[in-house]
Amino acid sequence: MSKLFEPKLFTLLKSGISKEQITTDIFAGIVVGIVALPLSIAFAVASGVSPEKGLITAIVAGFLISFLGGSRVQIGGPTGAFIVILYAIVEQYGVDGLMISTIMAGVILIAFGLLRLGNLLKYFPHPLIVGFTSGIAVVIFSTQVKDALGLPIDKLPSEFYEKWVVYFSHLGEANLYAIAITVATILITLYSKHITTKVPGSFVAIIFITLIVQIFAIPVTTIESFFGEIPSNFSFAMPSVELSTLHIYIAPALTIALLGGVESLLSAVVADGMISAKHRSNTELIAQGIANVVTPFFGGITATGAIARTATNVKNGARTPIAGIVHALTLLLIMLLFASYAKLIPMAALAGILIVVSYNMSEWRSFVSILRASPFDIIVLLSTFLLTVFVDLTVAIQIGVVLSSLLFMKRMADLGAAPSARVDSDVLEDYSNVPDGISIYEISGPLFFASAKQYSEIIKNIGFQSQILIIRMRHVPFVDATALHNFAEMIKILQHAGVKIVLSGVQESVFRDLNKSGVVSLVGEANILSSFTKALDYAKGVLASSSEGSPR
C-alpha cells in the first residue's frame, strides 16, 4: 500500500505504540463516547430522522473513520453542520433519498481522495469558512426554537424567514416547563465543568433533566412521544432506488461530499495544530468516503470529522486512532444496553444541547475579527453568511469561492496601478555570515488564501530548526484574513516550541492589518523592525544574550 494512502493506525502500529499511550487512548475514547451520545441523538432528531440513526452513524462511521483515516485523533460521526442539508434532503426525497445521496457522496469523496484533491482545502478562504459556519449555527438555532419553547407546531416551513414568522405567531402557546428545561440544560452543559471535568456537561444535563421529568411527570414532549421506541439493534437495509431517477440525487450528493470533505479536513488541521502532527488529507477523504458508503446500509446517516469531539479527544490525551475506535465501541455498548431509556429524553433538553452547539459553532470572535479586516474579506464573509442563512449552503460556498477569486484579482489590479512602496531596501542576499541559531525566510508576493497554508507550513518547518526566525516581508503588498489566521496560528506553534519570531520590512498597510488581527501583539512590536539589517543585528543581540545567560 502506498504510504500516501496508508491509514495512520497502520503506520503507528508498525512503529509501535507504548502501553501507557494505549491506556490513555482507551480512557479518552470512553470520554468522547459519552460526549457523543447526546450529540448523536440530537443531530439525528434535528436532521429529521429517528434518534437511533445518529447512534448508528457514530458507531459505524466513527469506527471506519478512525480505523482507515489519515489523522491520528479524528473523531467521526454525525455533525451539526449537516443538520440543515439533511433535513432538506429528507423533506424533499425521504429517508431513502438521504441514503442514496449519502452513498453517492461517499463514492465522490473516495474519488476526491484517489485523485489527491485533499490539498484543495487551502483554496477555501478563512472568511468563507467562518461565514458559512456562522450561518449554519444561526440556522441550527432557528430549528431548535420550537422544541426549546415547547411550541405545538406540527410542521415548520423550511425557509428561515418563514420559520420565525410562525414562531412569533405561536409565542402565546409556549410551554413554560419546556422553557425551564431548555434553560436548565444550557446552564448545566456550560457550567458543570466547574464541578467535574471528567463527565461531559451535555451528558450530565441529559441524565439529570430526564430523571427530573420522569420523577415529577412533567408534561413535555419526549423522544418516545415524538418518535416512539428506540431500537437497540442494527438492521441491514437497502434503499429503494430506480436507475432512471438516480440523477436527481447528484446535486444533494455533491453538497454532502463538498461539506463533508471541507469539515473533515478542517477538523484534521485543527487537530494537527493541537498535537503538532500532520494528517494525510487524501487518506482521510477516502476513509470519510468509505464510512458514508457503508453506514447507510446499517441505518445510519451522513458522517464527517467532528471538530468539537476531536478537540475533546485530544484534550483527554489521545494521540492514536485507538481512541476513536474505543469511542465507537463505547457507543455500541451504550446502545445495546441502554437504548430503551433514551426514549425518555425530553425534546427540550436536546434543543438546549443543540443551542449550545450552535453557539460554539458560531465562531463569533472570528466573525467580529474579520469585520475589522479589509473590505474585501468583509464582503466574502457577509455574502457567505447571508447566503447560507437565507438561500442555500452550496450556493454560499460556490459564490464565496468565485467572489474571493474576483476580489483577489481586483486587489492585484489595484496594486499594479498604484506606485510601489519602498520598504526595506537593504540588499543582503548573502546569508553566509548569519550565526547558527538564526534562520531567515523571505515571503515574496501577496499573502492570500491560496498561498497562506503553503507559506505557513514552510515557515513552520524552518522555524523548528532555529532559536530565532527572521521573516522578511518587504515584498508583501497585502495580507487577507486567511493569511492572518494561518500566520497567527503558525506563530503560536513556533513560540510554543521556544522559537523567537522577528519580522522585517513590513509595509505600512500590512502592519495595520497585522495590528488589527492581533499578530503585532502576538509577535511583540519590539520584534518588528523596519529593515533586514536592523532585524539581523537585533537577532544577533538576542542570541548573544541568551548564550551568556545559559549555563555553561
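Visitor: What should I keep in mind about the model and its numbering?
Guide: The model is predicted, with local features needing pLDDT of at least 70, side-chain atom pairs counting only at pLDDT 80 or more, and totals for chains, interfaces and linings using all residues. Residues are numbered from 1 along each chain as its sequence is written, and side-chain values use heavy atoms, with hydrogens and water left out.

Visitor: How do you know that E3 and E4 pair?
Guide: Two strands pair if DSSP finds at least two bridges between them, strands being DSSP runs (E, at least two residues) and helices likewise (H or I, at least four), numbered from the N terminus. E3 and E4 have 6 bridges in the parallel sense, and in one of them glutamate 442 is partnered by arginine 472 in E4.

Visitor: Which strands pair with E5 (residues 500–504)?
Guide: E4 joins E5 over 5 parallel bridges, with isoleucine 471 opposite leucine 503. E5 and E6 pair in the parallel sense over 2 bridges, and there leucine 503 stands opposite isoleucine 528.

Visitor: What makes E4 (residues 468–475) count as largely enclosed?
Guide: Buried means under 20% relative accessible area, exposed over 50% and partly exposed in between, using a 1.4 Å probe and protein chains only. In E4, 7 of the 8 residues are buried, so the strand is largely enclosed by the rest of the structure.

Visitor: Why is isoleucine 212 called partly exposed?
Guide: Its relative accessibility is 27%, and the class runs between the buried and exposed limits, so isoleucine 212 counts as partly exposed. This residue lies in helix H8 (residues 201–215).

Visitor: Why is H5 (residues 126–149) called oblique to H7 (residues 176–191)?
Guide: Their axes come within 7 Å and cross at roughly 120 degrees. Axes are lines fitted to C-alpha atoms, for helices over the stretch in contact, and angles run from 0 to 180 degrees between N-to-C directions. Angles under 35 degrees count as roughly parallel, over 145 as roughly antiparallel, 65 to 115 as roughly perpendicular and the rest as oblique. That makes H5 oblique to H7.

Visitor: Which residues meet where H5 and H7 are in contact?
Guide: With contact meaning heavy atoms within 4.5 Å, Asp147, Ala148 and Leu149 in H5 meet Ala178, Ile179 and Thr182 in H7.
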